[in-house]
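I opened this model to look up its charged pairs and one surface patch. My entries follow in the order in which I made them.

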Amino acid sequence: MIETGLIAVTERAADGGPLLLAGEDESIAHFAHGVGIVLGEGPLQQNGTLYITTRRLIWLSDDDLQKGYAVTFLALSMHAISRDTNAYPLPCIYTQIETGDSDSEYEEADEDEMEAALENHVEEDVASVKEMRLVPRDPNILDQLFQVLCDCALLNPDPEGAPEGEAEWYFNVNEVFGGRTIGEDDKPSEVPNIGELQIQDPRFEDAEEELEEGNGH
Amino acid sequence: MLFFSYFKELVGKEVTVELKNDLAITGTLHSVDQYLNIKLENTRVVDEAKYPHMLSVKNCFIRGSVVRYVQLPPDGVDVEILHDATRREARGT
């Protein structure tokens, strides 16, 4: 079963983190303090902590211990880095959420509904939220958040339909060996990625071993 | 498999990805995987008037399951490769 839509989180683990899904092999891949959240066209809710797990994206309020939201990667249709202040005043991660409504058409926020929801503080309506923004206090972490989201999304293929072929991303070789990552300067770089060299260069194959021997004797 | 193989050839080219929610995004294809998850760079929304808040999403990850169409650049369509690929696919090899 695919859980669609955003879910309100009212309970937490003893350590203040999210309660992880039992039996689903869920673990926290990354977390970041100082992240605000915007649901739909709603207001910015500041002071939260973002948890990216191997199954879900979870935001927990720092101010209200009963407030939080979670969405599974299966329901996260899209995520992107938004830096255009015309689109939103603050740099953020922009996401679209599949709500599972029979009406899955993209709706340019139904303003009347939204306003009504805001006025009434209808928290139960989180399930119908189609867009969510994550606004870190430090915009420098956007690239990292984006990358972790990509990595964890890949851990969650859709259950139906067998995958075809090898389970690997296809990359532009120049980009990979140029050490570029998504979101960086677009100019190609000639500098090889050091991590790649260390792993792939046969000269380093027994480096660890030698090091151990050196230490031991 | 055919689509995956074919889309790999398009990495670095500009494509337009149309989602099932009618949103269409144009950008440089950065990478694609076997689930047809798609990463685009330097994206722009095709219908800017309709989706003003999406204006400049720079990098974008789109789940394969929400993709309806991928529009190819005319110069990205290598008829020979397509012929070959479809023949091989038809033979089931």
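I began with Arg83(A), which is partly exposed at a relative accessible area of 36%. Here buried means under 20% relative accessible area, exposed over 50%, and partly exposed in between (1.4 Å probe, protein chains only). Arg83(A) forms a salt bridge with Asp143(A), the closest N and O atoms being 3.4 Å apart. I counted as a salt bridge a side-chain nitrogen of Lys or Arg within 4 Å of a carboxyl oxygen of Asp or Glu. Asp143(A) lies in helix 2 (residues 142–154) of chain A and Arg83(A) in the loop between strand 7 (76–82) and strand 8 (92–97), so the pair ties together parts that are 60 residues apart in sequence. Helices (H or I, at least four residues) and strands (E, at least two) are DSSP runs, numbered from the N terminus. Asp143(A) is also partly exposed, with 24% relative accessibility.

I noted the basis of the entries: this is a predicted model, in which local features need pLDDT of at least 70 and side-chain atom pairs count only at pLDDT 80 or more, while totals for chains, interfaces and linings use all residues; side-chain values use heavy atoms, with hydrogens and water left out. Residues are numbered from 1 along each chain as its sequence is written, and chains are lettered from A and ligands numbered from 1 in the order in which they are written.

I then turned to chain B. Glu14(B) and Arg44(B) meet in a salt bridge at 3.7 Å, N to O. This pair links distant parts of the chain, 30 residues apart, with Glu14(B) in strand 1 (residues 14–19) and Arg44(B) in strand 3 (residues 38–45). I found Glu14(B) partly exposed at 41% and Arg44(B) partly exposed at 40%.

I next looked up Asp84(B), whose salt bridge with Arg87(B) has its closest N and O atoms 3.3 Å apart. Both residues lie in helix 2 (residues 79–91) of chain B, three residues apart, about one turn of the helix. Salt bridges that share partners also join Glu18(B), Asp22(B) and Arg68(B) into one network. How many salt bridges are there over all chains? I recorded a count of seven.

My last entry concerns Asp125(A), found in the loop between helix 1 (111–120) and strand 9 (131–136) of chain A. Asp125(A) is partly exposed, with a relative accessible area of 40%.
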